[in-house]
Amino acid sequence: MSMTDLITAARVSKAWPFQEAQRLLKRYPDGAKPDGSPVLFETGYGPSGLPHIGTFQEVLRTTLVRRAFEAMIGAKPEDGKTRLVAFSDDMDGLRKVPDNIANKDVLAANLGKPLTRIPDPFGTHESFAHHNNAMLREFLDRFGFEYEFMSASDRYNSGAFDDALRQVLRKNGAILDIMLPTLREERRKTYSPVLPISPTTGAVLQVPVEVVDAEAGTIRFTDEDGSVVEQSALGGMSKLQWKVDWAMRWYALGVDYEMCGKDLTDSVTQSGKIVQVLGGKKPEGLIYELFLDEKGEKISKSKGNGLTIEEWLTYGSEESLGFYIFPNPKSAKQLHVGVIPRARHRVRAKACR
């Protein structure tokens, strides 16, 4: 089959990764951005708990769409026509201690601080986030994914996000106009797009913030001890509220495709409006159904009720995991030890055909 035939076949395929890639092709009919830069795929990860298969599946599914898009434009992975960024939201403040973590006192003593500024309870890495990020990268590397790892803390602390943060400060009023109507009255009183880092405790603060000088990046707020503080929002001295943060990232990085779980449907809507206010464009993306445990509850890193890669591979193969995750992303799937034998059987049956 010629390359032309392969491209034609890819463009008429009904498989869901190709259907997703079709939407990207409508965005960029020539298969490239106007400035010639690679089409950017992104996956997001919150390292507030140990990574599980629910984290892995998003990278797998996004990679399938990425490869489908490359097939449609006649590109090979080595051509550099696309990029995949695995982004860790490790600047988030730790809200609660995960159930499946030893040495909980270490985390409990640092609640509210950015995940990269909390000691590693396992004692092996620079911080709790560095430990969990390393676990994520280890199992992504194990499966041979091609990706670029990116840390929110690195981007904030280095100043790489500073220009985008200034744009958020400039558009602070317009962002509030989007977000405040979606919040309960009590939450509106404390809501701010920008979350300053307390100069006294190091915690991420949920307090009203006044923009003093957007160009200089200066903000004013009341610290936990009641003192009024005026400081920069740049260089790692603040982070953004979740939906604003997501939109800022799309804007700053130029993200073209990002999928997410059904529980983030509202976030997609609000972040899509915010990125337009910032001057960017909402990426294409699939909203998939969630993975559930044996009780039918959403799997969660903080609850520790999701299977780890190691648990799956103790009983099943890498192929069985891929075959289990691939079909019907818009249908919910249970994810517990009991599903592994069935997935393993499907792989064997397919091999015998």
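Which hand does the crossing of H7 and H10 have? The crossing of H7 and H10 is right-handed. Keep in mind as you look around that this is a predicted model. The protein chain has 353 residues, and 49% of them count as buried. You'll find 14 helices and twelve strands in the chain.

**The chain as a whole**

- Take the contacts in the protein chain with a separation of 6 or more: 67% of them are accounted for by residues 24 or more positions apart.

**Where H7 packs on H10**

- Helix H7 covers residues 162–170 and helix H10 covers residues 242–253; they pack at an angle of about 125 degrees, and their axes are 10 Å apart.
- H7 and H10 are therefore oblique to each other, since an angle that falls between 115 and 145 degrees is counted that way.
- On the H7 side, the contact is made by Ala 164, Gln 167 and Val 168, while H10 brings Val 244, Met 248, Tyr 251 and Ala 252.
- Sorted by class, the contact of H7 with H10 has six nonpolar residues, one polar residue and no charged ones.

**Asp 245, a residue of H10**

- Asp 245 also sits in helix H10.
- Is Asp 245 buried or exposed? Its relative accessibility is 5%, so Asp 245 counts as buried.
- Setting aside neighbours within four places in sequence, Asp 245 is in contact with Asp 89, Tyr 156, Lys 239 and Leu 240.

**Where H2 meets H3**

- Helix H2 (residues 16–27) and helix H3 (residues 53–73) cross at roughly 60 degrees, and their axes come within 8 Å.
- The crossing in which H2 passes H3 is right-handed.
- From H2, the residues in the contact are Trp 16, Pro 17, Phe 18, Glu 20, Ala 21, Gln 22, Leu 24 and Leu 25; from H3, they are Arg 61, Leu 64, Val 65, Ala 68, Phe 69, Ala 71, Met 72 and Ile 73.
- By class, that contact of H2 with H3 comes to 13 nonpolar, one polar and two charged residues.

**Where H8 meets H11**

- Helix H8 (residues 172–179) packs with helix H11 (residues 265–278) at an angle of about 160 degrees, with the axes 10 Å apart.
- That makes H8 roughly antiparallel to H11, because angles over 145 degrees count as such.
- H8 passes H11 in a right-handed crossing.
- Here Ala 174, Ile 175, Ile 178 and Met 179 of H8 meet Gln 270, Lys 273, Ile 274, Val 277 and Leu 278 of H11.
- Split by class, the contact of H8 with H11 has seven nonpolar residues, one polar and one charged.

- Thr 82 is part of strand E2, which runs over residues 82–88.
- With a relative accessible area of 4%, Thr 82 is buried, as anything under 20% is.
- Which side chains does the side chain of Thr 82 make a polar contact with? One is the side chain of Arg 66, at 2.7 Å, and another is the side chain of Glu 70, at 2.6 Å.
- Leaving out neighbours within four places in sequence, Thr 82 is in contact with Pro 38, Val 39, Phe 41, Arg 66, Phe 69 and Glu 70.

- Trp 312 belongs to helix H12 (residues 309–315), and at 0% relative accessibility Trp 312 counts as buried.
- Trp 312 and Ile 53 are 259 residues apart along the chain, yet their C-alpha atoms are separated by 8.6 Å.
- Glu 126 is in the loop between helix H4 (104–108) and helix H5 (128–142), and its 64% relative accessibility means that Glu 126 counts as exposed.
- The C-alpha atom of Glu 126 is separated by 7.9 Å from that of Thr 116, and these two residues are ten residues apart along the chain.
- Glu 210 lies in strand E5 (residues 210–213) and is partly exposed, with a relative accessible area of 41%.
- Not counting residues up to four places away in sequence, Glu 210 touches Thr 218, Ile 219 and Arg 220.
- From Glu 210 to Ser 192, 18 residues apart in sequence, the distance is 8.7 Å, C-alpha to C-alpha.

Key
Residues are numbered from 1 along each chain as its sequence is written. This is a predicted model: local features need pLDDT of at least 70, side-chain atom pairs count only at pLDDT 80 or more; totals for chains, interfaces and linings use all residues. Side-chain values use heavy atoms; hydrogens and water are left out. Axes are lines fitted to C-alpha atoms, for helices over the stretch in contact, and angles run from 0 to 180 degrees between N-to-C directions. Helices (H or I, at least four residues) and strands (E, at least two) are DSSP runs, numbered from the N terminus. Angles under 35 degrees count as roughly parallel, over 145 as roughly antiparallel, 65 to 115 as roughly perpendicular and the rest as oblique. A crossing is left-handed if the near helix is turned anticlockwise from the far one by less than a right angle, and right-handed if clockwise. Contact means heavy atoms within 4.5 Å. Ala, Val, Leu, Ile, Met, Phe, Trp, Tyr, Cys and Pro count as nonpolar, Asp, Glu, Lys and Arg as charged, and the others, Gly among them, as polar. Buried means under 20% relative accessible area, exposed over 50%, partly exposed in between (1.4 Å probe, protein chains only). A polar contact is a pair of N or O atoms within 3.5 Å; within protein, one must be able to donate a hydrogen and the other to accept it, and residues adjacent in sequence count only if both atoms are side-chain atoms.
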